[in-house]
Amino acid sequence: MRVERRIDLLRGQEFFSSALPIYVNRVVESYDLHEHRHDFLEISYVSEGSGTHIMGESSLPVNQGDIFWLPVGTSHVFRPASLSRQQPLIVYNCILSIEAVVSTLKSFPGGEPLLAMLSNQEFRHYKDPYGEFQRMFQRLHYEYNTIRSGREIAIYTDVIQLLLFLHRLDAEPQDGAAPLSIRLEAVLNELHARFHSRITVKEMALKTGVSQRQFLRLFSRQTGMTMSDYLQAIRISEACELLRTTDRKVSDIASAVGYQDISHFYAIFKKKTGVAPRSFRRPI
């Protein structure tokens, strides 16, 4: 005798508020949630761990960096590879009322490609090529759970940026050599991820696939500054954040953001911010 699988129906009204037809969460997956379908669009991001994504009669192995576009009516559920607390499967979910997002995009200049994307009801699977989606989902989740002025517009802005990046993954070739603009974007993401390490022009030129001279010219044209200035801007920005939010010694902060010479750090910090690190932390 054939046993019918249990498939629950999740409705947007269970998650949305009257003011915000968007819901964002971060879930440690288990076997408690049943397979389900829904009357909203869901975008899921595997943030940590590994497991299986069951969709109807098929299943896919999943790992950190997998992104799923799950249209209305898609039946699915995530299952962890292990129930160990040391190896959790953590997934961010952003669920959207398509009607509300369409209404917003119609008033947005240049929103046509994203409107076309929303009308496509096919399941899609992406990979996060540079870690950008991890940062976007973290920011979106933070904005959703922080009650402060401008919360709604911040959430809509992050959702539109998320849709834009997915559209670009659709529009750009997935096989073969990536376009130069994408390789440069990979360099920028690496600078943000490894700002505290030693990064050389030679290393980044090799990653881009061009000569060092051409890389410097392209980088300057793309960002308006040299790679050295760009890296210093990231490091000083990170130092400012640590000064604002921690009580760590200035020397520790300098080392944490990539400066082993404390006097050099002081000189760069004052050049970029106009004040010394201690004055930045405790304004007079």
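A residue is taken as buried when its relative accessible area is under 20% and as exposed when that area is over 50%. By this criterion, helix α1 (residues 98-106) of the predicted model has the buried residues Ile98, Ala100, Val101 and Leu105. These four lie on the same side of α1, because the arc they cover around the axis is only 165°. The exposed residues Glu99 and Lys106 are carried by the face of α1 turned away from the buried side. The packing partners of the buried residues of α1 are two strands, β4 (41-48) and β9, and two helices, α2 (112-119) and α4 (151-171).

Strand β9 (90-96) also takes part in the second largest pocket, where β9, β2 (22-28) and β8 (76-80) each supply at least two residues of the lining. Strand β2 gives the largest share, four residues. The space in this pocket amounts to about 260 Å³. Its lining consists of 17 residues, and those nearest the centre of the pocket are Asn25, Leu33, His36, Glu42 and Asn93. By residue class, the lining of the second largest pocket comprises 10 nonpolar, five polar and two charged residues.

A further element is the hairpin of β5 and β6. Strand β5 (residues 50-55) pairs with strand β6 (residues 58-63) in the antiparallel sense, over six bridges. Within this pairing, Ser59 in β6 is the residue opposite Ile54. Two residues lie between the strands of the hairpin, and Gly56 adopts a positive phi near 60°.

How values were computed:
Residues are numbered from 1 along each chain as its sequence is written. This is a predicted model: local features need pLDDT of at least 70, side-chain atom pairs count only at pLDDT 80 or more; totals for chains, interfaces and linings use all residues. Side-chain values use heavy atoms; hydrogens and water are left out. On a 1 Å grid over the protein atoms alone, a cavity is a set of points where a 1.4 Å probe fits but cannot get out, and a pocket is an open set with protein on both sides within 12 Å along at least five of seven lines; lining residues have an atom within 4 Å of a point. Grid points are joined across faces, edges and corners, and a volume is the space filled by probe spheres set on the points. Ala, Val, Leu, Ile, Met, Phe, Trp, Tyr, Cys and Pro count as nonpolar, Asp, Glu, Lys and Arg as charged, and the others, Gly among them, as polar. Buried means under 20% relative accessible area, exposed over 50%, partly exposed in between (1.4 Å probe, protein chains only). The arc is that of the directions from the helix axis to the C-beta atoms. Contact means heavy atoms within 4.5 Å. Two strands pair if DSSP finds at least two bridges between them.
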